[in-house]
Each structure stands twice: as C-alpha cells, then as structure tokens.
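Hello,

Please find below the structure I said I would pass on.

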Amino acid sequence: MTVDTILSGGTVVTDTRTFDADVAIRDGTIAAIGSSESLPPARTVVDVSGCLVMPGFVDPHVHIDDSASIDTYETATAAAASGGITTVIDFAWQTEDNSLENSPRPLTAGIERKQEKAENAYVDYSLHGGITIETEDVLEELATAVEMGVTSFKMFTAYDFRISNGFIYKILEEIANLDAVGVFHTEDNSVCETLIEAFKTTGRNESTWYPQSRPDFAEAMAVENVLRMAFETGAKYYGVHTSCRKSAAVIDRFRNDGSQVRAETCTHYTTLDDAVYETQGNLPLIAPPIRKPDDIEAMFEYLRTGTLDVVSTDHAPHSSESKQVDWWDSPYGAGSLQESVPVFHDEAVNKRGFGYPFLVRVMSTAPAKIFGLTGKGTLAPGTDADIVVFDPDKTMRISGDEGASKADFSIYDGREVTGAVQQTYVRGTCIVEDGELVGDPGTGAFVARALPDWESIR
C-alpha cells in the first residue's frame, strides 16, 4: 500500500538508540521504519541525508495569550514549530488571563476559553488546569477537568495568586484520588517578599540585586513543603523550573520512594548564569532567577542521574520596553520556544557529550509519558507522525528579533550554536521546511490527555 511520505537517508533517534533508517508516514501517523527496500512506495520522498530524524519535541511548560505572555497561539506555536517543538502544554486559569483583577469562573470555563484562543495553533497543544483561587467549587471540578482530558493541575506557592499550604493539601488529596498530577511553582513567598521590600527600601534597583531577592534556599524550602504533602497524600508531584542545586537535592531525597515524583529544569538554567543580570539587565528577569555556575552543573548532574526528567522552556515572552523599569516592577519571564532545542542541543550534546537519545528523552519522550500524551514523544508505528528533521552540523547565530514570537529579544541573543531544525512535521503535515515556516495556522489541535502511569516509566 502506498504511503504519503518517506523521509529517506537520515539517522533515526529514539530515547534509547540511534540507527540509519527511512521513516514512512501515512494518514498522519508513523506507518513504518526500515530500509528503503523494505518500505512501500510513497507519493513523496524527502531526502534527509546527513540529518537526524527525531520525534517532535514536547514542551510541557509554556504560557500563551495571558498575563504572563504577549504571544498569541499563532505566534507562539509558529515559534514552537520553527524550533522543532510539535506539542506544547499551556495553562487554563480560574480567572481570565490569570489576572486577579478578573472575576473567578469555573475552571472548566477557563479550559474552554483557552481552546477558543488556540484555533490558529500551528502545533498540537494540551492544557494544565491552573488553580489560583481557594474555592471549594474547584475541588468538585477536578474530576470533570480530567474527563475533558486535562489531567494535571498547577499551583503556586508565590505571587499574589499563590494558594495556602492547607488548600494545596486539599487539592493533593483529590488529585491522589483521581490519579492526576500536581504541578508546582515552588518558592517561599514570605522570604521573597521580605527581601524584595528590603531592597526597595534601600534603593537597590540594579538588576544584579534581583537574584538575591529570590534565593535558592527559598525555592528549596517550598519544594520540601509541597513534596512532604504530596508524599503524605500519595499524590503525583511534578516540579516545574528547578533552578538550583539545593532544590534538586530535596527532589532527589523524595524521589527515592516509589514513582510519585517527577521534575523539570529549563534550558536557561542549563546554559546561563547570573552574570546575565550584569549584561542584559532586566531582560532575563525570570522566576526563579537564573543562578550560579555551580547550579548549571547541578542541573546536568541531576538530569544525568534521572532526578530531573525534563527540560522545558517556561516560555513567557514580554517586550523589551516593558522590562525597562526597576526590577521589582518588571514582568517575569522570557520567551524561548524557537531557540530552546538548538541552544540545549549545543550545550548538552556538542559541549558536554550527552548523546542524542538523551536529548530525545528529556525534551520529547519523558514529557510525553509523564503527562499522558500517549501518541507523542515516539516514532513507534501507529503513533502521531510528529517528526523533526535536524541538521547537527548547521551553525547559526541566535537573534530574537527575527523569530516568530512577538518578543523583540531573546535571552540568547548573539549566541552561536551548531545544530538547527530543518523540517517539522505535525501529524504528517510539514509545518517547517528548510528552516522556514510553510504550514497553515489551525493545523494544531487540542490533545486530550490520559491519566499517566508513572509506574511504567521509572
């Protein structure tokens, strides 16, 4: 039987090995992998000689079209596709745009609203439920959200929309009953706010003071608190944007019991240190802050041992103009969907000698398995034909103002990296060709997620 497309002459990479083979696509799924002689004829044959053929990358931590991001779904997912990311997981909040100035609404309404906003997505997307208001109603909504394919729920221990430990405990009890996943931003709010106020009072408005206002021990304190509650309730815990050795060490201690603990770091915590606040000012103002050189080493140590499972972006773009204020008035976040894979590849594979299966594992297979994206993160026959063709030898210089995101800068501006996305396929449709966006907005679709089985992915 004829297939639609064959990618010919490349080196296939999975989360466990690399091998030379062709990949056949039919009706949006992987039809077969094998030698050119063993595959059926194709309507289109694409020569990908000299390139790597990898499952599309999965970013489980992005902010799109809300108070944390100036990107629309069209611009954010164009950036994602250009960077080889074929599935993203965004957030659906209890209030419109996650602003406490807006009235609370049912969490399910937030899910539906984000789906409406995503009509022009280039890549597939899913959603975490975002719990930012302590209402008993949301406890009753969690089961309905799971039925809608939203099987993970994010909570904060910092900011104005943090929730108390007592309410987190209630949520964790219900999450454990549902076998869903709790997703946590962990910093001790009291410590951070005390330091911020002290720096304000003494006029320490230089950007170099910012990382000292949200110290590593404050992150570790909150990780310990929430992990203890997750342990006691039996709930699945996923820690976002782990930034430092101290918090990773806490995760490592709790990780030893069962398979209820998973965690990520981000590309910026593996490639940048706090010297960026001297050279870039407020542009890299991210929470938790970018840390010390030793924390970069810790991220790779814990990725190597498996304490940290995933490398995400925490994509949250803002304009450079909005950052030109005292650091305590600056919005948090920076965008990196388009740059993340090339930058992390250059650091992890080219500079540190990690293999390509490691790259696929932490940026594709692991996030897909952890969050119940059963058809993603793999090139197994019958799964979605989300594929990245990657040229490992192409060198490019990062320039944020040339990307697809609305952000006019990148925290990696000027960085030269070797390795670039050539083609990106979403369910068999070519979205990026020869490094250029060629697909149509609306190709992406909402992916309802299954409850993940973490016992099978220890």
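**Helix packing: α3 with α4**

In α3, residues E136, V138, L139, L142, A143 and V146 meet F167, K170, I171, E174 and L178 of α4. Sorted by class, the residues in this contact are 8 nonpolar, no polar and 3 charged. Please keep in mind throughout that this is a predicted model.

Two packed helices are described by the angle between their axes and the distance between the axes. For helix α3 (residues 136–147) and helix α4 (residues 165–178), the angle is about 25° and the axes are 10 Å apart. Angles under 35 degrees count as roughly parallel, so α3 and α4 are roughly parallel to each other. The crossing in which α3 passes α4 is right-handed.

**Helix packing: α8 with α11**

A second pair is helix α8 (residues 245–255) with helix α11 (residues 293–305), which pack at an angle of about 25° with their axes 9 Å apart. That angle makes α8 roughly parallel to α11. On the α8 side the contact is made by R245, A248, A249 and D252, and on the α11 side by D294, D295, E297, A298, M299, E301 and Y302. By class, this contact has 5 nonpolar, no polar and 6 charged residues.

**Cysteines**

How many disulfides does the structure hold? The count is 0. A disulfide is a covalent bond between the sulfur atoms of two cysteines, and the cut-off used for the pair of sulfur atoms is within 2.5 Å. For C192, the closest cysteine sulfur is in C244, at 11 Å, which is too far for a bond. For C266, the closest cysteine sulfur is again in C244, here at 12 Å, and this too is too far for a bond. C192 has 0% relative accessibility and counts as buried. C266 also counts as buried, at 0% relative accessibility.

A76 has its place in helix α1 (residues 73–82). Its relative accessibility is 0%, so A76 counts as buried. Leaving aside neighbours within four places in sequence, A76 is in contact with I64, D71, H315 and L337. The C-alpha atoms of A76 and A121 are separated by 8.2 Å, with the two residues 45 apart along the chain.

F57 is in strand β8 (residues 57–59). With a relative accessible area of 1%, F57 is buried. Not counting residues up to four places away in sequence, F57 touches G84, I85, T86, T87, V341, L359, M363, S364 and V388. F57 and I387 are 330 residues apart along the chain, while their C-alpha atoms are separated by 8.2 Å.

T186 is found in a loop, the one between β12 (181–185) and α5 (189–201). Is T186 buried or exposed? At 4% relative accessibility, T186 counts as buried. Its contacts, leaving aside neighbours within four places in sequence, are T157, E219, A222, V223, V226 and Y237.

**Backbone details**

Most residues other than glycine have a negative phi, and most peptide bonds are trans. The cases below are exceptions to check when you go through the backbone.

Which residues does a cis peptide bond join? The bond is between A287 and P288, with omega about -5°.

H241 is a residue other than glycine with a positive phi, near 30°. H241 is found in the loop between β13 (236–239) and α8. At 2% relative accessibility, H241 counts as buried.

D434 is not a glycine either, and its phi is positive, at about 50°. The place of D434 is the loop between β18 (429–433) and β19 (436–437).

Regards

Methods:
Residues numbered from 1 in each chain as written. Predicted model: local features only at pLDDT ≥ 70, side-chain atom pairs only at ≥ 80, totals over all residues. Heavy atoms only, no water. Axes fitted to C-alpha atoms, helices over the stretch in contact; angles between N-to-C directions. Helix = DSSP H or I, 4+ residues; strand = E, 2+ residues; numbered from the N terminus. Parallel < 35°, antiparallel > 145°, perpendicular 65-115°, else oblique. Left-handed = near helix turned anticlockwise from the far one by under 90°. Contact = heavy atoms within 4.5 Å. Nonpolar A, V, L, I, M, F, W, Y, C, P; charged D, E, K, R; others polar. Buried < 20%, exposed > 50% of the residue type's maximum accessible area, 1.4 Å probe, protein only.
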